[in-house]
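Hi,

Here's the structure I said I'd pass along.

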Amino acid sequence: MKYTDICTLDAQGRIVIPTKMRKILNLVNQDSLEAELSGQEIHLRKCGELPADTHRLASFLTILYNSSRHAVALCSDTQVVSAVGSFLPDRTPVSRELSACIQAEKEYLPDMSRPVYLTSCPGTPVAALFPVHSEKPLALAVLSAKPLTEVEIGCARLVAATIAREFD
């Protein structure tokens, strides 16, 4: 379905999304939208829902971060659900490459000569990705510019398994 309307920008840079569009997309107060700039166009997308107990998820990530000192993130195939040790806000979109890895639902230890990044803005590459099976594809990502040690990989696997057991 295609629908077009003209919106006016106010002095603070805000627009009102027309009622018909909000109803079609089932947008309600406090919903998050992703804004993407592409040339001279701004694209808005409704962000997916986050698990209800993200605070508890963050506690598992904190344990892994404290033991490895590598940033960690729990990601769906579209966005960051929770992150510790980095400045990634919840609902940050994940890169297409990482999304494909998460959808495969397989453990992934990338070749560090061809890094995969968590977001479309390269930062620290993903050093390991462990599936967390649930209703939607979820994965635990460990970020590091260097390959992980066997102990760090084992700890990350254990945390991923614990999250899977707790939230499935």
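Asp10 and Arg14 pair up in a salt bridge, with their closest N and O atoms 3.0 Å apart. Keep in mind that this is a predicted model, so treat the distances as computed ones.

The salt bridge count comes to two. The other pair joins the side chains of Arg157 and Glu107, at 2.6 Å from N to O. Arg157 sits in helix α4 while Glu107 is in the loop between α3 (96-104) and β5, so this pair ties together parts that are 50 residues apart in sequence. Here, too, both ends are partly exposed: Arg157 has a relative accessible area of 37%, and Glu107 has 36%.

Now for the inside. Which residues touch the most other members of the largest nonpolar core? They are Val132, Leu140, Val142 and Ile163, in a core of 22 residues. The elements that each supply at least two of its residues are α2 (54-68), β3 (71-76), β4 (80-84), β5 (126-132), β6 (138-143) and α4 (150-167). Helix α4 gives the most, with six residues.

Setting aside residues up to four places away in sequence, Leu140 touches Leu61 and Leu64, then Val72, Ala73 and Leu74, then Ala128, Leu129, Phe130 and Val132, and finally Ala156, Val159 and Ala160. Apart from that core lies another one, of 17 residues, which include Ala71, Leu88, Cys101 and Leu118.

On to the cysteines. How many disulfides does a search of the whole structure find? It finds zero. Cys75 is in no disulfide, and the nearest cysteine sulfur to it, in Cys101, is 11 Å away.

Is Ser99 buried or exposed? At 12% relative accessibility, Ser99 counts as buried. Leaving out its neighbours within four places in sequence, Ser99 is in contact with Asp77 and Val94.

Last, the surface. Leu9, Ile15, Leu33, Leu37, Ile42 and Leu44 make a nonpolar patch of about 620 Å². Strands β1 (33-38) and β2 (41-46) are the elements that give two or more residues to this patch. Leu44, one of the patch residues, is in strand β2. Leu44 is partly exposed, at 43% relative accessible area.

If you're colouring things up for a figure, these would be my picks: the Arg157–Glu107 salt bridge, Leu140 with its contacts, and the nonpolar patch.

Cheers

Note on methods. Residues numbered from 1 in each chain as written. Predicted model: local features only at pLDDT ≥ 70, side-chain atom pairs only at ≥ 80, totals over all residues. Heavy atoms only, no water. Patch = residues over 30% accessible without salt bridge, like charges linked within 9 Å, V, L, I, M, F, W, Y side chains within 5 Å. Areas by Shrake-Rupley, 256 points an atom, 1.4 Å probe, with all protein chains shown as cover. Salt bridge = Lys/Arg side-chain N within 4 Å of Asp/Glu carboxyl O. Helix = DSSP H or I, 4+ residues; strand = E, 2+ residues; numbered from the N terminus. Buried < 20%, exposed > 50% of the residue type's maximum accessible area, 1.4 Å probe, protein only. Core = buried A, V, L, I, M, F, W, Y, C linked by side-chain atoms within 4.5 Å. Contact = heavy atoms within 4.5 Å. Disulfide = S-S within 2.5 Å.
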